[in-house]
Amino acid sequence: MFSAFINILYPSICISCKSQLMKKEVVFCAQCETEFPAVKPNESKLRLKLDGRAKIENFYALTRFTRSSKIQKAIHLLKYGDKPKVGHQLGIAFANKITLDKSIDYIIPVPLHPIKLKNRGYNQSEEFANGISYKNTIPIINSILHKTSHTQSQASKNRNERLVFNPKAYKLDDKQKILQERHILLVDDVITTGVTLENCIAAFKDVKNIRISIAVIAFTE
Ligand SMILES: [Zn+2]
């Protein structure tokens, strides 16, 4: 009853189609959520993103990234619109659609540099990871992998600048031992060139017998 009262005061609407949300719908209406194009785990176009550059167990994506689509709008709000809840809800949508490998021990979101984190106020990949974690009850570790260099926003660079592999862009701290013999799910927002994830994976190179799977909200074709 209390939430119904709140709804009258602040009707919540779908961020995509602006229709009024029903009970249990958060951020998107059920209709908009079903319109995200489905991606099968390990689909070849997805695996090709890091083919020959990193060893990946399983590759998961909620959907494809297409211009002027509902997912583009949602991701834009998540990254630039101060809407962390969108990430959490996308994580729930991901978990509703995709069955993860049962052997995954931990979820690790791709970290932001502390300066960027301060500017945005939250890490969009961590918000997405939270939704996945919540539905799958897999713990998140967000204090072990660190971004070392502060780079310009991807959007402000030209394509060539974005393509640079830098194995020192991320580093693990001395708690990394708990990752030995474990299977981790590395979580990012969108995969375009694959360089961000490639750089992250490079940071795990000395962890004994670690297995790495990837989850993203969307991938560009
Ligand atoms: Zn909608």
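**The nonpolar core of the chain**

In this predicted model, the largest nonpolar core comprises 52 residues. Within this core, the residues with the most contacts are Leu62, Leu186, Val187, Val216 and Ala218. Two or more residues are contributed by each of several elements: the strands β1 (59–65), β2 (106–109), β5 (183–191) and β6 (211–220), and the helices α4 (70–80), α5 (84–97), α7 (124–136) and α9 (195–202). Strand β6 supplies the largest share, 7 residues. Because domain 1 (1–35) and domain 2 (39–220) both give residues to the core, the core lies between them. In soluble globular proteins, nonpolar side chains tend to be buried together.

The surroundings of Val216 were examined with residues up to four places away in sequence left out. On this basis, Val216 touches Ala61, Asp188, Asp189, Val190 and Ile191.

Helix α5 has 14 residues. From its first C-alpha to its last, α5 reaches 21 Å, which is close to the 20 Å expected at 1.5 Å a residue. The buried residues of α5 are Val86, Gly87, His88, Gln89, Leu90, Gly91, Ile92, Ala93 and Phe94.

For the chain as a whole, 9 helices and 6 strands are found. Of its 221 residues, 36% count as buried. Among contacts between residues at least 6 apart in sequence, 75% join residues at least 24 apart.

Key:
Residues are numbered from 1 along each chain as its sequence is written. This is a predicted model: local features need pLDDT of at least 70, side-chain atom pairs count only at pLDDT 80 or more; totals for chains, interfaces and linings use all residues. A nonpolar core is a set of buried Ala, Val, Leu, Ile, Met, Phe, Trp, Tyr and Cys residues joined through C-beta atoms within 7 Å. A residue is buried if 20 or more other C-beta atoms lie within 10 Å of its own, exposed if 12 or fewer, and partly exposed in between; C-beta atoms are placed from the backbone. Helices (H or I, at least four residues) and strands (E, at least two) are DSSP runs, numbered from the N terminus. Domain bounds come from an automatic or database domain assignment. Two residues are in contact if their C-beta atoms, placed from the backbone, lie within 7 Å. The expected span of a helix is 1.5 Å times one less than its number of residues.
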